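Please read the following report alongside the sequence and the three-dimensional view. It is written for someone meeting this structure for the first time.

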Amino acid sequence: MRSILRWLALRNLLLIGLAILLVLLGMKGIGMYHKIQAVQAADRYYAQQQWMQAESLYRAARDNSYIRYEEAHIQARLDELQPITAWNDTLSASASRLQAAADTGQFDAYLSAYAIWLQQQEQQQARQDRFENEYAKMTKQYNMELLIGQGFSDFRTQFTESLQHNLDTGNYTDESAKWNLLRIPAAYWLTSGSSSKGTAADRQQLGIKQQFKQYDTTKLKRLAATGDFDAFLSNAVSTRQAYEQHAYRDEDWITSLMNTGAQNVIAKDIQSQQTANFVRHAVSFRNAATQLALSSSPVLATIDQQLSSLQEQAFTMTTEKKFSEALQLYETLSPLGDMTSGIARTKLAWASDQPVYLLQSSNASVAYEHTVGGTDWQAFPVYAMATDNNNRLFFGHMDRDGAVSVWSGQIEQNAAQIQQLSLDTALSTADKPVITVQSPADAVEGSNRLFSLYAVTPNGLQAIASLAGASYEVLPDRSIIVHVAPQDGGAGQLNTYTANADGVYSQTDSRADDSAYREIDAGEIEGHANEPIAFTAEIVAVDDGGAIMRTERGYVRLRGGINFYTGTVKAYGVFNGEYEEFSPASLNFPPLSSATSTDSENATDEATETNGTPDESFEPQYGLGNENGLPDNRPAVNERIPVVEVQSIQ
């Protein structure tokens, strides 16, 4: 049984092997037949100069290895038809590359494959051999134009959809589809919806312009509608610049859209008087115009016109003393232009009208008191000075550009003592102003004032003088004359002060104030009661009560805190209507009030020789006296003589 099974299995194997052998023999036979037929057909096509079909059949016969048949003949013919073979390979490779790039959506790879195809086509056309007609047939057979055209059409559709997607999502960060559209060859731009008029380049240019314009118009209008003005301008600028980078010059709609959108926004700002918004939008548009080298524009003209109008408003505010509003407007307009002159002019006007503004612009936290200011001193158009409750004195000045400098330091006076401040222009210099601090009337004795002079420097204050008087004046040599007002009906004094090497003043002289006294004859005293008078006569005696002065009409009592001395002097004082009893006999003086003119004439005659010169041996009678101390011919009497309160003598 086993042997039977083994026999059957072996037989089956033999049968299967035989069947396979028969199949192989059949296939070989068929292959041999096809090769022979291919060679024969190729020869016929060759004879008919149908090179492409002949080359294809010869190549098929060469690749048929079932039989070696006319191998040398086949190879010779293939060598002769090699250009056909090469062009076929080129077509096959180019078609494969183009199709692969189109299927994967790789536009750069597609353009690269297209460029290779163009180069190969140019090289083939340059050969001009006998197979030229066959090349065209082969190219048509591969449908190269249809393949390339369809590929570019698909890519154009893809890029158009990408731009529409940007519009749908409002995201414009990737606009590479635009530039890819520009890379599509003009020959393949024509689609079912395109016009067939004009050249291919004309059709492409028109189609791209329409597509770009529609896209940009929709995009920029939507951005403008959102109210994001900066984003609107930024996108307009970047779009225009991107066109320039990609050598696309036919984009005049960008400037038009930018002008229209900006004009609407800025017009609303002007109409609603939203100055801050106007400035912000105007600055953004100017920057955009600069980036686009846009020298003229209706929007720029509107901006310039409104800017000029607002500057005029600020100027009017300054003249109307609305200084704060004017400054705020100028500062708001500053991003649009140089407003320094307007700001400086307003600050100067404000400081001139309100000196405290000058000081507050440096430090607004100080509570300034006794504020006073002035204009056009030295190189400073405006200056101001003040004190505070911490006994500080401030001096500030403003330059023509509105810059402020403030110097300060401690003073001796407190706020309650200060009456007023003033700048002593006679003593001041630009780098060392001198401020006079005037104390009120009760700060010094009588009706005089106390003038405290302080030199101001950036490093602090220097007290240079303390002057008591009604007023003072500075002489050309920088010495100071203080006018001391009369007290108790008396006359005033003139006190002279001079400075030492450090600039500090001290009193160096004092004299009566001649200008306050009436010059009279000594005998007219009683006719000028209660007024300052000046007269000249001889002091004949000095005692504890003052001094006795002899005049042509009698004697006069001089009183006052003066160091009197005998001799002829000029006295300054006041006769207040007071008299006192005086006995000439007490001082061995003759009572001039009882003397006669005859006695005077006799005495004069006796004291003078005939030749008119004094007699040196003559002795007046009243100088000798009798036992009562009186001249023998004069009675002993008391006289009522006027009393003059003397301020000074010279």
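## Basis and overall picture

This is a predicted model, in which local features need pLDDT of at least 70 and side-chain atom pairs count only at pLDDT 80 or more, while totals for chains, interfaces and linings use all residues. Residues are numbered from 1 along each chain as its sequence is written, and side-chain values use heavy atoms, with hydrogens and water left out.

The protein has 17 helices and 18 strands, where helices (H or I, at least four residues) and strands (E, at least two) are DSSP runs numbered from the N terminus. Of its 650 residues, 39% count as buried; here buried means under 20% relative accessible area, exposed means over 50%, and partly exposed covers what is in between, with a 1.4 Å probe and protein chains only. The accessible surface of the protein comes to about 35000 Å², and 48% of that surface belongs to carbon and sulfur atoms; such areas come from the Shrake-Rupley method with a 1.4 Å probe, and for residues only the protein chains shown count as cover. Among the contacts in the protein with a separation of 6 or more, 54% are accounted for by residues 24 or more positions apart, a contact being heavy atoms within 4.5 Å.

| Helix pair | Axis distance | Angle |
|---|---|---|
| α9 (residues 200-226) and α11 (residues 253-271) | within 10 Å | roughly 20 degrees |
| α11 and α12 (residues 275-291) | within 9 Å | roughly 160 degrees |
| α13 (residues 298-319) and α14 (residues 323-333) | 7 Å | about 155 degrees |

Axes are lines fitted to C-alpha atoms, for helices over the stretch in contact, and the angles run from 0 to 180 degrees between N-to-C directions. Angles under 35 degrees count as roughly parallel, over 145 as roughly antiparallel, 65 to 115 as roughly perpendicular and the rest as oblique.

The axes of α9 and α11 cross at roughly 20 degrees, which makes α9 roughly parallel to α11. Their crossing is right-handed; a crossing is called right-handed if the near helix is turned clockwise from the far one by less than a right angle, and left-handed if anticlockwise. On the α9 side the contact is made by K209, F212, K213, D216, T217 and L220, and on the α11 side by W253, I254 and L257. By class, this contact has five nonpolar, one polar and three charged residues, with Ala, Val, Leu, Ile, Met, Phe, Trp, Tyr, Cys and Pro counted as nonpolar, Asp, Glu, Lys and Arg as charged, and the others, Gly among them, as polar.

Helix α11 also packs with α12, and these two are roughly antiparallel to each other, with a left-handed crossing. Here M258, N259, A262, V265, I266, D269 and I270 in α11 meet N277, F278, H281, A282, F285 and A288 in α12. That contact has nine nonpolar, three polar and one charged residues.

Helices α13 and α14 pack at an angle of about 155 degrees, which makes α13 roughly antiparallel to α14. The crossing of α13 and α14 is left-handed. From α13, the residues L307, L310, Q311, Q313, A314, F315, M317 and T318 meet F323, E325, A326, L329, Y330 and L333 of α14. By class there are ten nonpolar, three polar and one charged residues in this contact.

## Single residues

Within helix α14 lies L329, which counts as buried at 9% relative accessibility. Not counting residues up to four places away in sequence, L329 touches T275, L310, Q313, A314 and M317. L329 and I343 are 14 residues apart in sequence, and their C-alpha atoms are 9.3 Å apart in space.

The loop between α13 and α14 holds K321, which has a positive phi of about 65 degrees although it is not a glycine. K321 counts as exposed, at 51% relative accessibility.

N143, in the loop between α6 (132-141) and α7 (144-169), likewise is not a glycine and has a positive phi, of about 55 degrees. N143 is partly exposed, with a relative accessible area of 44%.

A367 lies in the loop between α16 (355-360) and β1 (369-377), and at 51% relative accessibility A367 counts as exposed. Leaving aside its neighbours within four places in sequence, A367 is in contact with T387 and D388. From C-alpha to C-alpha, A367 and D388 are 6.0 Å apart in space, and they are 21 residues apart in sequence.
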